[in-house]
Amino acid sequence: MNLIIGIGVVLILAIVFMIFRITNLVGLVKSDKEAVSSGNGIHAFLMMAFMVLSLSGFFWYSYVHFDSYTLPVASEHGMITDHLFWVTMVICVVAFAVISIAMFWFTYKYQYREGQKAAYLVDNHMLEIIWTLIPAVVMALLIFRGLRVWNEITGPATKEAINIELVGQQFYWTVRYPGASDENLGKFDFRLIDPINEFGLDLTDKNSFDDFKADALYLPVDQEVLLKIRAKDVLHSVFLPHFRVKMDAVPGMLTTFKFKPTKTTEQMRTETGNPKFNYEMACTEICGKGHFSMKFSVVVVSQAEYQKWRASQDSWLKLNPGYMKMVPENLREYALIRSGMEPDNGSAEQGVLKSVSNR
Amino acid sequence: MATADIKVHTETHHDDHGHDHEHHGNFWTNYVFSEDHKVIAKQFLITGMAWALIGGTLSVIFRLQLGFPEASLEWLRPVLGGWITVDGKIDSEFYLALVTMHGTIMVFFVLTAGLSGTFSNFLIPLQVGARDMASGFMNMLSYWFFFASSCFMFTSLFISTGPAGGGWTVYPPLSALPQAIQGSGLGMTLWLISMALFIVSTLLGGINYITTIINMRTSGMSFTRMPLTIWAFFFTAVIGLLSFPVLFGAALLLIFDRSFGTSFFLSDIYIAGEALPHVGGSPILFQHLFWFLGHPEVYIVLLPALGITSEIIATNSRKPIFGYKAMVGSMLFIAILSFVVWAHHMFVTGMNPFLGSIFTLLTLIIAVPSAVKIFNYVTTLWKGNIRFTAAMMFSIGLVSFFLTGGITGLFLGNSAVDIQLHDTYFVVAHFHLVMGSASFFGMVAGVYHWFPKMFGRMMDERLGGIHFWLTFVGVYMVFFPMHYIGIAGFPRRYYSWTNFETFNSFADLNMLVSVAAIITLFAQFIFLFNFFYSIFRGRKASANPWGATTLEWTTPRLPQHGNWPGEIPTVYRWAYDYSKPGAKEDFIPQTIPYSETPESNLPHENELIKLEMGNGGAIVVDDKKH
């Protein structure tokens, strides 16, 4: 079978080559005196045809499939950047279309004609000044608008913001919340990381006692969130497409991104008409074999539901009581209270301490 | 350096005083270790074409995965062996290696060495009126360093752990830790060695280009009379000379981090069950160093293509290039700005947001000279008398790509908008059009245009036309749909998107892109056939087949070593006297004095006739040295 295909391909190539040779020889017999090849007019026509077809294809697809290539937006700053995106789009499409039409029209209109002489046009300062100034002014407006938005997005978070830590590693994300009652995440150190203490929690810091790990990124709607992002091994990048959030996760450097979700998952399900809709988080910095699979679930709930959920989570220390031994002696009692392990019951406390000493 | 240059130059000059004298050497000195700039240019061209074929094939392999994720690629096993998994798919780690190698090969080996190396070498001496480069020996070294570099990179494709796989930007820690990805082992070592050699090659070449342009212009070839190609090559070489050493530094530090335990770029890493001893380094530092080269590199790739296009569009429109001074000025402006925009690649890397503001401002400024260039090209076409040679069509294609791809820079350069688009397919579409395809078209246009001077024969124009239309439409079909995919948020360097509900669409567009990529690659074989066939069997070319004005067309059909038999011609006018009113023909070569063209001279040009008379001592470049 393969042999037949192979022979077929060779034969076709041979025939094409023969046609090429013959037309070539015919071409040689004809005079070579023409200034341009006979295809000149054809190419001029094709240039116009290409322009008309491709521009109409562009406008048609962009209009008809608008919903399939635009992602719904669900964050406060996302609406502003989207607006800026579309303003830029209008400017660009107008400029693109005008220049493209002019260029391809010129190639068609001024194709070679016997006896036609080109204009000797060296320069025109007025024209050049005008078309330098127009893009400069448009650029200035875009920059002005863009920078104001950028400064707002990257400015400091408000005091009310919820701190959430995202940690990237090959090839999954982990998320840490600062506990049920405060917004302080405990310190960490990469040297303390082990298979269980995956955050590298520093248990000499009081703030780490009530921190908890979550299986998804839970966010309250209409509440500012400050993501504190880090990576354990190589670069990763937090990408929350619906919230227009993207920030690299860098080993050895903390990065942040603040934003305010504006629609709960349920609202989005209604809005998109897709009952299975879920927010997702992806990685957008090449990080190795599993780069394409670093999916993490994101759930946006009402503020009440969020508080309920948050209160129901067990602290990391409570789930891993063996690590009590890392807590300094003088803080152990406090740790038991903060981590949610019953401190008033003497036996419980002793049990914990015993298990520590047994390890 | 200067004395050495002059010495070499003197020798070649003397050789050629015996007019019909030819250089006799054996095969090795003539074709392999040649110091002749034309031979070296052809060496760069052929090597670049070989690399382009490899780079293009790699891209088609990963496009197969993206366009037909369900298809079995078992039939590639004879070539890829173990990189095809048991269920007939490309290994996801090898996928990244393919992407990395495609990027590295195309940016450095094809569009830097293949484009600049070919046309700077070929055209600089021919268009400024010099016998050869300032230092033929350094020029030869430049090629052979490139060849050595190529060997290392090529070897890395075949090792068991695979070539480098951390992206062409080789960001550490991924590129520094073999635990993180296999390709960061031996593959990355070979990558770094190869790049170090490549940088040496680029610097040797660049110094030569600059020296030749400044010192060896023929009598009358003032800077303001230089063709735009030469200006473009000049700026390119200067940019390369200033930026490549920074990449060399970055590569060296990365080698230290990888092999000698330093911590320039590494810090706080826990991988494969252990905490590494590195502290205090910064991966962001590497990104700054990389992009300090990386962004100028974009213009190293693009400016020569723009120069070539300027020349071809003017010649085939039979019109002077519109706004010569503005063209030079905008290139100069772009060259300067190219050094202060690098961090727009890093808006969301955790860099200080204030820096983001500065780089947004500087980046969008660069759009102004770029827009001026496009307007000037379009105006050059206006009221021309356009001949659609293959070279001309590829040049028009370049302008179209430069526009389509360049304009999306307004989105990406604006930091607030870039947050969403960064590292999505929108970026892939942007740079493949504006720098990849545009520069590639510049290179192909240059080959079609100067082929008669390189090989003394014409390429087949009909095949050239077919090649153009397949490639032009093909490239648009490949990269235009990527804008939509990018706006929808699809991240780049993804092996598959089906894990995500958000990205679980556009199978149709991805298939279209892949099919277009395959057709485009196959269209290049038409070019290859045309190229090699025409070297031996093409129609014989006349000395000046396009009716062009520049100096290279005053050489004989096959210029020998030394380029001009007899004296180097003197230049009397600029390079763009096409369709001058009153002139007998629609072009006046640069070597025709104004005294011979009273019918077409402008008033101020008539005054120059007096200067021409006393030319013996008026503008001396060459004669004085001997």
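1. Residues are numbered from 1 along each chain as its sequence is written, and chains are lettered from A and ligands numbered from 1 in the order in which they are written.

2. Where pLDDT is low, the predicted coordinates should not be read in detail.

3. The contact between the chains takes 86 residues from chain A and 96 residues from chain B. Several elements of chain A each supply at least two residues to its side of this contact, including helix H2 (40-64), helix H4 (76-109) and strand S9 (279-283); helices (H or I, at least four residues) and strands (E, at least two) are DSSP runs, numbered from the N terminus. H5(A) gives the most, with 15 residues. The side of chain A that touches chain B divides into 45 nonpolar, 27 polar and 14 charged residues, where Ala, Val, Leu, Ile, Met, Phe, Trp, Tyr, Cys and Pro count as nonpolar, Asp, Glu, Lys and Arg as charged, and the others, Gly among them, as polar.

4. In chain A, five strands form an open sheet of mixed pairing in the order S4-S10-S9-S6-S7; two strands pair if DSSP finds at least two bridges between them. Strand S4 (217-220) and S7 of chain A stand at the edges with a single partner strand each, so one side of each is left without a neighbour in the sheet. Even so, five of the five residues of S7(A) are buried, so this strand is largely enclosed by the rest of the structure; buried means that 20 or more other C-beta atoms lie within 10 Å of a residue's own, exposed that 12 or fewer do, and partly exposed in between, with C-beta atoms placed from the backbone.

5. Antiparallel strands S6(A) and S7(A) are joined by five bridges, with A:His236 opposite A:Ala249. They form a hairpin with four residues between them, and A:Arg244 in the turn has a positive phi of about 55 degrees. S6(A) also runs antiparallel to S9(A), to which two bridges join it, and A:Val238 stands opposite A:Cys283 in S9(A).

6. Chain B has 20 helices and two strands. Its C-alpha trace spans about 80 × 55 × 50 Å along its principal axes, and of its 626 residues 62% count as buried.

7. B:Glu297, whose place is in helix H9 (residues 283-317) of chain B, is buried, with 24 other C-beta atoms within 10 Å. Not counting residues up to four places away in sequence, B:Glu297 touches B:Val107 and B:Ser243. B:Glu297 and B:Phe339 are 42 residues apart in sequence and 9.8 Å apart in space, C-alpha to C-alpha.

Key: This is a predicted model: local features need pLDDT of at least 70, side-chain atom pairs count only at pLDDT 80 or more; totals for chains, interfaces and linings use all residues. Two residues are in contact if their C-beta atoms, placed from the backbone, lie within 7 Å.
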